[in-house]
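Okay, everyone, thanks for making time.

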Amino acid sequence: MVGQNYKEVLSIVQKTVESAKRNPDDVTLIAVSKTKPVELLQNAYDSGARDFGENKVQEIIAKYDKLPEDIRWHMIGHLQTNKVKYIADKVYMIHSVDTEKLAATISKEAIKAGRIIPVLIEVNVAKEDTKYGVMPEECEAFIRSISSLPGIIVKGLMTIAPFVENGEDNRVHFQALKQLSVDIMQKNIDNVSMEFLSMGMSGDYETAIEEGANFVRVGTKIFGERNYLAQSDK
Ligand SMILES: *Cc1c(COP(=O)(O)O)cnc(C)c1O
């Protein structure tokens, strides 16, 4: 089931990339496996998935050793500074940097782990009260404030768009994030690239790809609905 779902979503991703006249290598499907057991992640892996997204440190740690080494683990959720040390040697990329304190902690832990961690800046592009992320108008100043930290490299922007019935409704937000990344790229800030846009989830990933997404983060359409109540440590 999960393997089949993964292949179906991947095929829609590929068709959308093609009709948007984009390069297939420019878009990566991240299978968002939060709350799901390793057996289901293995099913997705067996169907070709290598990029997995998680939003809890505990889950990355619990799953990491039980699954193949060539998986790229993407931290996509709100990250507490005191937990960075547990995943600094495990994550491929952190999509959710939105405070100087968090960036400084990732910097410190990356140096301890002997690596450079690529990060994306989470932007609250729709200015929702409930969301983490920096405000669009504060984004450039925020990036400048962390750009010279050793051990991290800013590689782009991420957003969690509003929950909508019709993915089309988020097009304006995806366009806004793309425009923001173009504006920031033109500033030529040292140590900062705007290589990646992480945007689009189960309900709106096709629209996001049309508007320039490089990472789409799809959970429900691959793994099914999440049952948080059944989880003891969500
Ligand atoms: C859960 C989650 C997703 C996946 O959401 P679906 O609607 O299940 O595809 C994507 N991004 C983030 C940051 C998430 O927390």
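I'll go through pockets, then aromatic pairs, then charges over rings. Keep in mind that this is a predicted model.

What's the lining made of?

Which element gives the largest share of its lining? That's H1, with five residues. Helix H1 runs over 2–19, and strand E1, at 28–32, also supplies at least two lining residues. Among the residues around this pocket you'll spot Tyr6, Leu10, Pro24 and Arg50. By type, the lining splits into seven nonpolar, three polar and two charged.

Now the rings. The count here is two aromatic pairs. One is Phe52 with Trp73, tilted, with 6.0 Å between centres and 40° between planes. Phe52 belongs to strand E2 and Trp73 to strand E3, 21 residues apart, so to speak a link between distant parts of the chain. Are these two buried or exposed? Both are buried.

Then there's Phe196 with Phe215, also tilted, at 5.1 Å centre to centre and 45° between planes. This pair joins strand E7 to strand E8, with 19 residues separating the partners. Phe196 and Phe215 are buried too.

Last stop, charges over rings. Arg72 lies over the face of Tyr92, 5.9 Å from the ring centre. And Lys90 has its charged end over the ring of Tyr64, 5.3 Å from the centre.

Key. Residues numbered from 1 in each chain as written. Predicted model: local features only at pLDDT ≥ 70, side-chain atom pairs only at ≥ 80, totals over all residues. Heavy atoms only, no water. 1 Å grid on protein atoms, 1.4 Å probe; cavity = no way out; pocket = protein on both sides within 12 Å on 5 of 7 lines; lining within 4 Å. Helix = DSSP H or I, 4+ residues; strand = E, 2+ residues; numbered from the N terminus. Nonpolar A, V, L, I, M, F, W, Y, C, P; charged D, E, K, R; others polar. Phe/Tyr/Trp six-rings, centres within 6.5 Å; stacked < 30°, edge-to-face > 60°. Buried < 20%, exposed > 50% of the residue type's maximum accessible area, 1.4 Å probe, protein only. Lys NZ or Arg CZ within 6 Å of the ring centre and 35° of its normal.
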